[in-house]
Number of protein chains: 4
Amino acid sequence: MRAVTFQGLEEVRVEEKPEPELSAADEAIVRVEASGVCGSDLHIYHGRVPVEPGFTIGHEFVGTVTAAGEGVDRVAVGDRVVGTFFTACGTCAPCLRGEYNRCANGRTFGHGAHLGNLEGAQAEQVLVPHANMSLRRVPEGISTDVALFAGDVLGTGFHAIAHGGMRAGDTVAILGLGPVGLCAVQSALAGGAVRVFGIDSVEERLAMAAEFGATPVHLTEQDPKREIRAATGGAGVDLSVDAVGHPDPLALAVSLTRDAGTVSGIGAYSGRAEVPLGLAWLKCLDLRLGVANVIAQIDRVLALIEAGKLDPGPIVSHHMPLAEAAEAYRIFDRREALKIVLTP
Amino acid sequence: MRAVTFQGLEEVRVEEKPEPELSAADEAIVRVEASGVCGSDLHIYHGRVPVEPGFTIGHEFVGTVTAAGEGVDRVAVGDRVVGTFFTACGTCAPCLRGEYNRCANGRTFGHGAHLGNLEGAQAEQVLVPHANMSLRRVPEGISTDVALFAGDVLGTGFHAIAHGGMRAGDTVAILGLGPVGLCAVQSALAGGAVRVFGIDSVEERLAMAAEFGATPVHLTEQDPKREIRAATGGAGVDLSVDAVGHPDPLALAVSLTRDAGTVSGIGAYSGRAEVPLGLAWLKCLDLRLGVANVIAQIDRVLALIEAGKLDPGPIVSHHMPLAEAAEAYRIFDRREALKIVLTP
Amino acid sequence: MRAVTFQGLEEVRVEEKPEPELSAADEAIVRVEASGVCGSDLHIYHGRVPVEPGFTIGHEFVGTVTAAGEGVDRVAVGDRVVGTFFTACGTCAPCLRGEYNRCANGRTFGHGAHLGNLEGAQAEQVLVPHANMSLRRVPEGISTDVALFAGDVLGTGFHAIAHGGMRAGDTVAILGLGPVGLCAVQSALAGGAVRVFGIDSVEERLAMAAEFGATPVHLTEQDPKREIRAATGGAGVDLSVDAVGHPDPLALAVSLTRDAGTVSGIGAYSGRAEVPLGLAWLKCLDLRLGVANVIAQIDRVLALIEAGKLDPGPIVSHHMPLAEAAEAYRIFDRREALKIVLTP
Amino acid sequence: MRAVTFQGLEEVRVEEKPEPELSAADEAIVRVEASGVCGSDLHIYHGRVPVEPGFTIGHEFVGTVTAAGEGVDRVAVGDRVVGTFFTACGTCAPCLRGEYNRCANGRTFGHGAHLGNLEGAQAEQVLVPHANMSLRRVPEGISTDVALFAGDVLGTGFHAIAHGGMRAGDTVAILGLGPVGLCAVQSALAGGAVRVFGIDSVEERLAMAAEFGATPVHLTEQDPKREIRAATGGAGVDLSVDAVGHPDPLALAVSLTRDAGTVSGIGAYSGRAEVPLGLAWLKCLDLRLGVANVIAQIDRVLALIEAGKLDPGPIVSHHMPLAEAAEAYRIFDRREALKIVLTP
């Protein structure tokens, strides 16, 4: 089968790879209808996340189950399904606590030996371990574009809000309006946020956030602190989300959040970084960090999609054939695309 | 000033009463613009809740602050305000735990000596103890009809959902579509419920619930258990609300709720009653009972009203002058009105 | 192998049964060192829980793993282990929410076709499905008697406290001082309860509760309401546990609990029953009902046993050989034993 | 009356000051029996927290109520009481959410105009605003030394554990074994921690932590990461507390905490600081920062003291007369005393 493989710095290639085969009772094989190119794929592309040359990448997929072990009972052969970007065993100590994102046996699709040696989903087929954990039926009438978001980008935006403890009636600031930030905007509003401020410096992203119901705030042409202070009676927002994963938006999030509020950091921070620790302490903030627990969220996310309360469809800017993956990565890397969907 | 007083079984009368005067630093006086007639007023009307003859009744009000003690800092003279149906001291052990509905010094407006000897709000003026706890400014542009709900009926419907632990993506059943039930429908949807079933046997109420976004289910002409089972893949809803306060809807709520789900009982139960204890145990349900903690909810409720996410206005069916209070109670008692607003 | 089988009303018999065999990758076989006779076994003995004649009963066991499928990674052949009284799949919707006690595929040991058709543990060997969920290594130095409690009786007492939301500094009442109630006493004190009232009418049980640190209150010779009111400044306890499973202790629990407190009902209620609904509503209580989620609790319970903070050993009153199971059931049924441990 | 006043860098003096007088209905005056010298007093002493020369300092006190306004109902004239280190109004938006430590009208005793202009408690008398919030009766039989801790140092140690979400069965690391850290050790064990690691480099403090039940770990002579990894099966602790308030122990706390665990930072951080953000994100940690909410905790803390489950008495190393305050500060500043109690 054909698959998108990492070759080296800023080089991906569509290659012929062997078809996957079942090797355990709880595995399934999915024939991929569509896979997404995600911001975290660029970490691989730029060599920041080490992946072996020739390894299949990609971790967002929608497709049809073509084979399933006898232990798979949440989906069946023939089902149209969406996958989560990682798998979890369901029985280790973290899994029993519901912390599927920290599963002791967790593996991430398309991230090389480093993250579980699990071949990726930008391919014609993908092998899915622990299929009961990682696959869900796509509800009737939901488009492939929309379903594709549930197991990764939208699951992450939703987690930022849910794990951040947002309650109906809260005010929220989202820092960074890439696909994850835009999905966080939708998730906050779906859960009853009374005001969501979307902060970025790209006009198109601000415009899309506004279409989704957010109050757009330009990062540099406006003064986010002043805008949000004015709009919240001087208090700041109940919850801020750093959807970028960088110390600068995290610092801004700290300053935008009300006393005893929460900052949700879902973007991938790295190494040591300087943060406004004194201010965060003075404000008695709760900083909730980490990769999204999409397995814990996906059923709610799909239910909200089905109810029409979440609709990430407009975020897709490009559809391209799998064969043109190299070009897709180049476009995406130049930030000319907001979201690219690949079809085999 | 004129005030609606309880006289005896099914008899209320508009009488002349002395104007209230401030006697403590944290009190305020409100000139009432509008007061509501509420289902719980009928408990007094029918003698089920004992109130002394001549006592002013009513516990829902919107008006303007005309006097305030020096300790009042959350509202000021001249402010247009809405009141909560009870007051709380803010400093006793239950209040420090946030359980304002069980304040050791709590008093309910218009419920006689039994509930704190606090004269009611169906009058031209009302004295408000602990005004920082019980009064909130009405946001700009909000009508009197809508604001009137925030401190009682809508606060109660919202509490049923919030205290019931509802999360975005949940399914909910509301049993009883009087004003509180209809407000619970709105609150559930505002907080991200994906499906809300509104159950009643009155067509007009079912129709209004449907307008608000609920799936109407006729209590007797349909089979609620079958309908909800079918719509939830056999599981039942995450949260059921008994908005009536009677063992029958409570029993139905138990049967409609999924395993390990929650039943929120906000209606006023009385005495001992037979309940399906075995089924509730088998299902591992959490039954959360009690009068609504509206002081804890009112800021969120007003924010959601201001954001346009809650709008109880359509529930008001009648506007009548305070002078016609006796007729208002007769109409309301005959169930010819869904909600009556009295204006002095 | 030999196994204790249910034969009919008040009749159990030790019979020869075929040895269990592995049939799935996540199963294990345990050679039983000790099994317990539990209060819920009496429900079977008296025919209140239907079990097929010839079915092996018993659901508490400690033993050594003699075989394990390739998917079993939390225990290994040769490990000394304790089992939970039920199994769960780990991947259904309730399991993903952590509600292992309501697993869609859950099975209870030794309770017949009705509860999953899983042969019991009062036998020389027991087959354990989903072994990663249901088996845990017994920490070094823990006796068989003590370990035996972790997966059933102590797990249940601990759940009553933990699921009841108890916090350090709380006051607690335990109604019914059988093995589960005594374990709830220990669990409350281990978690920082400042005062635990143990209520029963059997002197020996009251004495044991007192040894464990509780304040004993005789159900009929004292007035529990007056005692607890006096000891809590009139307020009542933060948490009451009905460890019996009957409407009478539940009603007493409601009256002993403070406003906005919690009643935890872990005993098995059946059918419809009369409860003081009005009082529970007036007090704004939270009633948390249902069978214990021991899979969620067992790791904590074992850690607390290992730390010496829980020690149910003194509850064991009798050790008997498996061969004398019929006599053991008779003794237990006559309430002449508090806890019987059977050894093959 | 005599009072300890700040005079300038590293200079305090006992001066004659006017006696306090009641000016509001919810105030009380306390004749001080004992006041504590606290680590945060050294921030003033060293000029890091700006206080006006001549201002009375000190924020820990036990004494007797000598006067109380008519709105004071939780304590009465003649009561022996302990105070919390700050006051809160009880009615602002943060207070209604229970966030008394972020009260919009909050004032801290003895911290100058900057923190509310409230004269301190190292004096013969102290004026207590919002006395219902800030004063509690000392339970019978509790010594002055022990009671003194409840409203500040022990309330802070307890908050670190409670706000950190610790549950019975958890493992905990406490970084820094000054009075707050030692109180956190006691609080963790009282709440059911199965293992508490106390980390410091001062032998006496390690020894006291060990007496309290902790496992002492020397910061430099041992390798805390290796010790804790070995003792927790490689996982790390469920909760780490930085009781110092410095980026170094915070970084160590991040490395000692298990995936999806919690770090509680109660020490006073200042300014911007470098933290291991990447590791905290990778581990999905929750960082809960801020000054302790002692008003929310004091009733539990006193109940645990009364029950004998908390006993900070051994932490007091010195008793000195108020008149020798200047010498007391010098000794404390040279770290020759663990805790000094001043008596007028």
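Author: A charge counts as sitting over a ring if NZ of Lys or CZ of Arg is within 6 Å of the ring centre and within 35 degrees of the ring normal. In this predicted model, C:K339 meets that rule: C:K339 lies over the face of C:F149, at 5.8 Å from the ring centre. In chain B, B:K339 lies over the face of B:F149, at 5.8 Å from the ring centre.

Over all chains, the structure holds 12 aromatic pairs. One of them is formed by C:Y45 and C:Y329, whose ring centres are 5.4 Å apart; their planes stand at 35 degrees, so the pair is tilted. C:Y45 and C:Y329 are both buried.

Another pair is that of D:F85 and D:F86. The centres of these two rings lie 4.9 Å apart and the planes are at 80 degrees, so the pair is edge-to-face. Planes over 60 degrees apart are given that name. D:F85 has a relative accessible area of 9% and is buried; D:F86, at 5% relative accessibility, is also buried.

For the setting of such residues, chain A can be described as a whole. Its secondary structure comes to 12 helices and 18 strands. Of the 344 residues in chain A, 64% are buried. The radius of gyration of chain A is 20 Å, which agrees with the value near 20 Å for a compact globule of 344 residues. The C-alpha trace of chain A spans about 60 × 40 × 40 Å along its principal axes. Among contacts in chain A between residues at least 6 apart in sequence, 67% join residues at least 24 apart. Carbon and sulfur atoms account for 49% of the accessible surface of chain A, which comes to about 11800 Å².

The cysteines complete the picture. A disulfide needs two cysteine sulfur atoms within 2.5 Å, and by this rule the count over all chains is zero. For A:C89, the closest cysteine sulfur is that of A:C103, at 3.7 Å, which is too far for a bond. A:C89 is buried, with a relative accessible area of 10%. The sulfur of D:C284 also has that of A:C103 as its closest cysteine sulfur, but at 12 Å, again too far for a bond. D:C284 is buried, at a relative accessible area of 8%.

Key:
Residues are numbered from 1 along each chain as its sequence is written. Chains are lettered from A and ligands numbered from 1 in the order in which they are written. This is a predicted model: local features need pLDDT of at least 70, side-chain atom pairs count only at pLDDT 80 or more; totals for chains, interfaces and linings use all residues. Side-chain values use heavy atoms; hydrogens and water are left out. Rings of Phe, Tyr and Trp (its six-membered ring) pair if their centres lie within 6.5 Å; planes under 30 degrees apart count as stacked, over 60 as edge-to-face and the rest as tilted. Buried means under 20% relative accessible area, exposed over 50%, partly exposed in between (1.4 Å probe, protein chains only). Helices (H or I, at least four residues) and strands (E, at least two) are DSSP runs, numbered from the N terminus. The radius of gyration is taken over C-alpha atoms; the globule rule is 2.2 Å times the number of residues to the power 0.38. Contact means heavy atoms within 4.5 Å. Accessible areas come from the Shrake-Rupley method with a 1.4 Å probe; for residues, only the protein chains shown count as cover.
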